[in-house]
Amino acid sequence: MLTSCLLVFLSCMQAMADNDNVRATLALDSNWQFYPAYDVSRHPKAETVSVPHTWNLDDVFSGMKYERGAYMYEHSLKYDARQMKGKRVFLKFDAVNSFAEVAVNQQYVGHHSGGYTAFCFEITDKLKDGDNKISVLASNAYRTDVAPLAGDFNVYGGITRPVTMIVTGEDCISPLDYASNGVYIHQNNISEQQADITIETMLSLKNGIGGKEIRVTIADQNGNIVAEKKSSVSDAKAYTTALSISAPHLWNGRQDPYMYCVRVELLSNGQVVDRVTEQTGFRYFSIDADRGFFLNGKHLDLHGVCRHEEGYKTAGLYNEKAMREDADIIYDLGSTGVRFVHYPHSKYDVQMYDERGIVLWYELNLAGPGGYNSPGYMKNPQLEVNVMQNLIEMIKQNYNSPAICFWSLCNELSFKYDEPATFLRQLNAKAKEIDPQRLTTLAICYSQDGFQGITDTFGWNKYFGFYENQSGVGEFFDQAKIEANGIPMGLCEYGAAGSPNQHGFEKKVTNKIHYEENQARVHEENWRDMVKRPYAWCKFIWQYSDNPSSIRDEGDYKGMNDKGIVTWDRKTFKDSYYFYKANWNSEPMLYIAARRYTLRTEAQTDVKVYTNQPQATLYLNGKRIGKAKKDEINRIVFKNVTLCEGENTITVKAGKITDECKCTFNPNAQKQDIKQQGGRLDGAVN
């Protein structure tokens, strides 16, 4: 292990030599020793792991219980002090959940509270010639001074995102400004005619400003330089560079998510000594209480999903492949916006939506209890300090993303416990101070009282047709709009639970029975109301995929929130997914709903189809039944179709598209026989 780390350092130094002596970044991903924090023996029994890592990986399959404790991670390296002379070494953690203490050679370096934002320490003066040991204590134990205090999701422990070592010269672009890249692209005035921007560069100069220059180069997607400026540094901590681009190619959502490359270089006596490159897109946006969201001056209906950063079997671990696949599925659904819940997601995850042109609601890890018995906020001074720091980190680390248009301060806080409004106003003021260009928001579920006017806008979490008695959200929303007093509002959570293994057409759903067909019905009724209300600036489904939650004991899987329109393993796309695809994606599609309801006890049934085609024709066992037109929410319902006893083949054709499924009619089957039927869906014909 020591040999491999020495080789890493040598490679790092060679990389710096090959790149004009600019910084080198290397991943510290392998050969970490992992053992319980309580084991303070001379030679603790440790296992070798790679990071990202969590000790909860298997817990997610145990249902309603997962470990919340503390563990040690240790990494060894051999350091050549002579070769590293004149170099600085920084240690960056993209996330440790949810509290971390870092030491080098048993000397305290620093700590960090909050498991979803990055932090960075300089360790140059802690390293010695020869063998060195990096130690990280990671804890996901419940604490009242670390957010989230509550939430309908699991808080997994460990070094859950990548760890990198950054090596620079004595003078560098600082990686210590809340673990950002040290470069902020301020979009001061953006239009189709001109983009006026200011590049703010954070500096850390051991040798002062003499002979120092900043060079900023902006290139388009073809590599053509569209703006460039070099000027002498006049401040040792930060320097701003103003540039303009004529007739910029705007980042225009899904239609055209155009990105520019911004390169910032620090020069000393004419030689490049450090370099940082950022991707961004130029755009402008606004929101109106009556007309909704506007991107680059044109109305954009923001519809999409709420998404946790947790893939199948990943237990919240950073996984680029899983993030790409999720982004592709969400894009294919036709989403124009996505709400990242209920904590800051990784920078790579944000990048996936930058590239696909999907607008993001990006959320702080101040999550409330919803309908559960726990405070989401307490007037604890240390908690407030930590949450404020997480807010600053969240904004600074993702500042240059074109997709992020909204900073969300919290989810489902309540006035039942300590009053949160005063602190939320402080958070909002800080967000506006750092980033006056983006909009602030928050999510509520109880009442507008006390939350109005804190942020630029807000969203409701409401489950009409599932938790609520009413069958639709429209009447509620019309009244809520009046009570909002001109503040723009959206619907940031709505939906219903649904299991692809449980089937029936009854509207009544128990805690243990979550019919897939009922989930689809709830979504249809809600969307019918919301599509008529453009003033609702966002319409985000709860949620994209099922996710583990230790507080849940319902449906057919303990410890799982099954409100996703895609299953946790991403293998089954529920009926609701195809309902929205028919409404949101213009590519021709056709899908027969209730296809997993394969065993029927009644001869007569309705055959429901989701399609964006104008009409479709139904065939039963090869016999033409009839043709019908789609309704205003892209459904076709063939009423009172009589099944034959035994196996039936249902075929629907719309133009050149055909979809087909089978079901069996058995009048003697018992109801319990059909509660656990279903299986993997390979997808409809598209």
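**Figure 1. Val609 meets Ile636 where two strands pair.** In strand β39, Ile636 is the bridge partner of Val609. This close-up, like the others here, comes from a predicted model. The two strands in view are β36 and β39 (residues 635-642), which run antiparallel and are joined by six bridges. On another pairing, strand β34 (residues 590-592) is linked to β36 by three bridges, again in the antiparallel sense. There, Leu590 has Thr611 of β36 as its bridge partner. How much of β36 is covered? Strand β36 spans residues 604-611, and six of its eight residues are buried, so by the under-20% cut-off for relative accessible area these six count as covered.

**Figure 2. Helix α8 is mostly covered.** This view takes in residues 575-584, which make up helix α8; nine of its 10 residues are buried. Which residues of α8 are buried? Reading along the helix, they are Asp575, Ser576, Tyr577, Tyr578, Phe579, Tyr580, Lys581, Ala582 and Trp584.

**Figure 3. Three strands form an open sheet.** Here the strand order is β21-β22-β23, with antiparallel pairing. Strands β21 (285-288) and β23 (298-299) are at the edges; each has a single partner strand, so one side of each has no neighbour in the sheet. Two bridges pair β22 (residues 292-295) with β23 in the antiparallel sense. To find this pairing in the view, look for Leu295, whose bridge partner in β23 is Lys298.

Figure 4. Thr198 has its place in strand β13, which covers residues 194-205. Is Thr198 buried or exposed? Thr198 counts as buried because its relative accessibility is 18%, and the cut-off for buried is under 20%. Its side chain makes a polar contact of 2.6 Å with the side chain of Asn188. Leaving aside residues up to four places away in sequence, Thr198 touches Tyr184, Ile185, His186, Asn188, Thr240, Thr241 and Ala242.

**Figure 5. Leu424 sits within the largest nonpolar core.** This core holds 100 residues, and Tyr353, Leu424 and Leu427 have the most contacts inside it. Helix α4 (residues 381-397) gives the most to the core, contributing seven residues. Apart from this core lies another, of 31 residues, including Ile123, Ile134, Val136 and Val167. Which residues does Leu424 touch, not counting those up to four places away in sequence? They are Leu366, Leu409, Cys410, Leu413, Leu442, Phe451 and Ile454. For background, nonpolar side chains tend to be buried together in soluble globular proteins.

**Figure 6. Stepping back, the whole chain has eight helices and 41 strands.** The radius of gyration of the chain is 27 Å, close to the 26 Å that the globule rule gives for 686 residues, so the chain is as compact as a globular protein of that length. Along the principal axes, its C-alpha atoms fill a box of roughly 85 × 65 × 50 Å. Of the 686 residues, 62% are buried. Among contacts with a separation of 6 or more, 70% are between residues 24 or more positions apart. The chain exposes about 26600 Å², with carbon and sulfur atoms supplying 46% of that area.

Note on methods:
Residues are numbered from 1 along each chain as its sequence is written. This is a predicted model: local features need pLDDT of at least 70, side-chain atom pairs count only at pLDDT 80 or more; totals for chains, interfaces and linings use all residues. Side-chain values use heavy atoms; hydrogens and water are left out. Two strands pair if DSSP finds at least two bridges between them. Helices (H or I, at least four residues) and strands (E, at least two) are DSSP runs, numbered from the N terminus. Buried means under 20% relative accessible area, exposed over 50%, partly exposed in between (1.4 Å probe, protein chains only). A polar contact is a pair of N or O atoms within 3.5 Å; within protein, one must be able to donate a hydrogen and the other to accept it, and residues adjacent in sequence count only if both atoms are side-chain atoms. Contact means heavy atoms within 4.5 Å. The radius of gyration is taken over C-alpha atoms; the globule rule is 2.2 Å times the number of residues to the power 0.38. Accessible areas come from the Shrake-Rupley method with a 1.4 Å probe; for residues, only the protein chains shown count as cover. A nonpolar core is a set of buried Ala, Val, Leu, Ile, Met, Phe, Trp, Tyr and Cys residues joined through side-chain atoms within 4.5 Å.
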